Amino acid sequence: MQSLVRAVYPAQCASCGEIVDGDGGLCGACWRETRFVLGHVCDTCGTPLPGEEDGGTDQCDDCMHIARPWRRGRTALTYDGIGRRLVLGLKYADRLDIARPAARWMARAIEPITTPGMVIVPIPSHWTRMFRRRYNQAAEIARALGRETGMAVLPNALIRARGGETQGGKNFDARFANLVGVIQPHPKKGADLAGKDVLIVDDVMASGATLGAATEATYVAGARVVCIATLARVAKDT
Ligand SMILES: [Zn+2]
Ligand SMILES: [Zn+2]
């Protein structure tokens, strides 16, 4: 099916739509403008840190001051310029083709934190929101990342119990309070998380409140270790 679709629609740059050779990704111009996260990063959220990589487990200011329930985390891009355009395209503009190159970049970023048998779980989207948008961008990324890495994906292990208010305009404490109990293990499928190392996947990390709530729910379900991975991380100093 995929190769048939590609034969009819040639691969396009995931950012600007320019026709590109091969199996997609970015055109040369967009590639050069994209801020991939490489080298020295925060071990908890993956945001770039100044200075050289020294093999230690350093943290950014945010992760030093905010309790992060997960163990380690990585991101592929910073949420600005093209990184931001890709996230918004995937979230709002039906650009599902972005999931595949996104997964390729994320697969490289998560290499240091994956463990044998680790399973991928996407941040769940509330069904009313999914109805409006027709798909859950985190689940699309998770599925593509599973194909890219060979890791198992448990797409429905976590659920949203109620819609929750939108997160915009709230401070971190209000955001977190608003989310406690909103993300829960699936009454049946949540049991699949017991004893597992779990990688929770989302498109973008800003405050980290949603990922924190999902991590708590994953531990409630009996997971052994929880790590997180995002396509893009909102960096304070950019
Ligand atoms: Zn382009
Ligand atoms: Zn961090």
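Predicted model: local features only at pLDDT ≥ 70, side-chain atom pairs only at ≥ 80, totals over all residues.
Helix 5 covers residues 99-110. Its length can be checked. At 1.5 Å a residue, these 12 residues should span 16 Å. The end C-alpha atoms lie 16 Å apart, which agrees.

Next comes burial. Helix 5 is mostly covered, with 10 of its 12 residues buried. Among them are Ala102, Trp105, Met106 and Ile110. Arg100 and Pro101 are also on the buried list. The packing partners of these buried residues include two helices, helix 4 (81-92) and helix 7 (137-149). Strand 1 (73-78), strand 6 (197-205) and strand 7 (225-233) are partners too.

Now the core. The largest nonpolar core holds 62 residues. Ala102, Met106, Ile141, Ile200, Val201 and Leu231 touch the most other members. Helix 5 gives this core its largest share, 8 residues. Other elements that each supply at least two residues include strand 2 (119-122) and helix 9 (209-220). The core also draws on both domains: at least three residues come from each of domain 1 (1-33) and domain 2 (34-233). In soluble globular proteins, nonpolar side chains tend to be buried together.

Which residues does Ala102 touch, leaving out those up to four places away in sequence? They are Ala76, Leu86, Ile141, Ala144 and Leu231.

Last, strand 1. Strand 1 is mostly covered, with 6 of its 6 residues buried. It pairs with strand 7 in the parallel sense, over 5 bridges. Within strand 7, Ala229 stands opposite Arg74. Both strands also pack against the buried residues of helix 5.

Terms used:
Residues numbered from 1 in each chain as written. Chains lettered and ligands numbered in written order. Helix = DSSP H or I, 4+ residues; strand = E, 2+ residues; numbered from the N terminus. Expected span 1.5 Å × (residues − 1). Buried ≥ 20, exposed ≤ 12 C-beta atoms within 10 Å, placed from the backbone. Contact = placed C-beta atoms within 7 Å. Core = buried A, V, L, I, M, F, W, Y, C linked by C-beta atoms within 7 Å. Domains from an automatic or database assignment. Pairing = 2+ DSSP bridges.
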